[in-house]
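Welcome! Take a moment to look over the sequence and the model, and then let us walk through them together.

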Amino acid sequence: MEPTAYHHGNLRRVMLDAALQAIGESGPTGWSLRELARRAGVSHTAPAHHFGDKTGLLTAVAAEGFDLFAAALEAAGGDFLEVGVAYVRFAVRYRSHFQVMFRPELYRPADPAVAPARARAAAVLSSGGRALSPDPARDRLATVAAWSMAHGFADLWLSGALADAAEIDPEAYARDLITLAFGHLRHPKA
């Protein structure tokens, strides 16, 4: 089918949705802007008006992802266990965003649309680290430990590396993992 004249009410959204679908099918690098334009039924030059290039489109995906991610972590409240579960829930629900967000070589991390949302998410994660560590000098270490656990589990689950991944509820499993590793810090023994 030959692309026709621009007919979408929101080409930016259409292209973001096409990119998210393509990322879900072939990863963040296995497609081209030309292919996405063809899918959307627009000229191959139309995406350049909104994104400039593929990096620009991936920057928009990362910005949207970090905004959704920050909101999900903030909604979990100050409980680090719930933040960890929200982290995994986000990765499962927004898999295509997740595949891009933590690969800064794919997009422009300093972009004004990305940086504030990344900072919001980092603030929630840092707050959780402070809650885990009785020693303020070790807050960063606690943050990275908890982040590594949530991110590592999400990545293992999403990639299918866990042999029983299809049989487990990722949120329940994440809750159990975090409790196993950090539960003693939440409820110190008297």
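## Where helix 1 meets helix 2

Val14, Met15, Ala18, Ala19, Gln21, Ala22 and Glu25 of helix 1 are in contact with Leu33, Leu36, Ala37, Arg39 and Ala40 of helix 2, where contact means heavy atoms within 4.5 Å. By class, this contact has nine nonpolar, one polar and two charged residues. Here Ala, Val, Leu, Ile, Met, Phe, Trp, Tyr, Cys and Pro count as nonpolar, Asp, Glu, Lys and Arg as charged, and the others, Gly among them, as polar.

Two packed helices are described by the angle between their axes and the distance between the axes. Helix 1 (residues 11–26) and helix 2 (residues 33–40) pack with their axes 10 Å apart, at an angle of about 115°. Axes are lines fitted to C-alpha atoms, for helices over the stretch in contact, and angles run from 0 to 180 degrees between N-to-C directions. The crossing of helix 1 and helix 2 is right-handed. A crossing is right-handed if the near helix is turned clockwise from the far one by less than a right angle, and left-handed if anticlockwise.

## The model as a whole

This is a predicted model, in which local features need pLDDT of at least 70 and side-chain atom pairs count only at pLDDT 80 or more, while totals for chains, interfaces and linings use all residues. Residues are numbered from 1 along each chain as its sequence is written, and side-chain values use heavy atoms, with hydrogens and water left out.

The protein chain has nine helices and zero strands, so from the N terminus on its elements run α-α-α-α-α-α-α-α-α, where helices (H or I, at least four residues) and strands (E, at least two) are DSSP runs numbered from the N terminus. Along its principal axes the C-alpha trace spans about 70 × 40 × 25 Å. Of the 190 residues in the protein chain, 40% are buried; buried means under 20% relative accessible area, exposed over 50%, and partly exposed in between (1.4 Å probe, protein chains only). Among contacts between residues at least 6 apart in sequence, 67% join residues at least 24 apart.

## What the UniProt record lists

In an unreviewed entry, UniProt gives the annotation "domain: HTH tetR-type" for residues 9–69. That span is 75% helix and 0% strand, and its end C-alpha atoms lie 27 Å apart. The unreviewed entry also lists residues 32–51 as "DNA-binding region". Over residues 32–51 the chain is 70% helix and 0% strand, with 13 Å between the end C-alpha atoms. UniProt positions are given in the numbering used here, feature names are shortened, and annotations may be inferred rather than shown by experiment.

## Two roughly parallel pairs

The axes of helix 4 (residues 54–75) and helix 7 (residues 115–132) come within 8 Å and cross at roughly 30°. Helix 4 and helix 7 are therefore roughly parallel to each other; angles under 35 degrees count as roughly parallel, over 145 as roughly antiparallel, 65 to 115 as roughly perpendicular and the rest as oblique. Helix 4 passes helix 7 in a left-handed crossing. Among the residues making this contact are Phe66 and Phe69 of helix 4 and Val124 and Leu125 of helix 7. By class, the contact has ten nonpolar, no polar and four charged residues.

For helix 5 (residues 80–93) and helix 8, the axes come within 9 Å and cross at roughly 30°. Helix 5 and helix 8 are therefore roughly parallel to each other, and helix 5 passes helix 8 in a right-handed crossing. The residues that meet include Tyr87 and Val88 in helix 5 and Trp147 and Trp157 in helix 8.

Is threonine 143 buried or exposed? Threonine 143, in helix 8 (residues 139–159), is buried, with a relative accessible area of 6%. Leaving out residues up to four places away in sequence, threonine 143 touches Leu125, Ser126, Gly129 and Arg130. Arginine 130 belongs to helix 7 and counts as partly exposed at 47% relative accessibility. The C-alpha atoms of arginine 130 and arginine 39 are separated by 46 Å, and the two are 91 residues apart along the chain.

Serine 96 sits in helix 6 (residues 95–101) and is buried, with a relative accessible area of 12%. Beyond its neighbours within four places in sequence, serine 96 is in contact with Leu20, Ile23 and Gly24.
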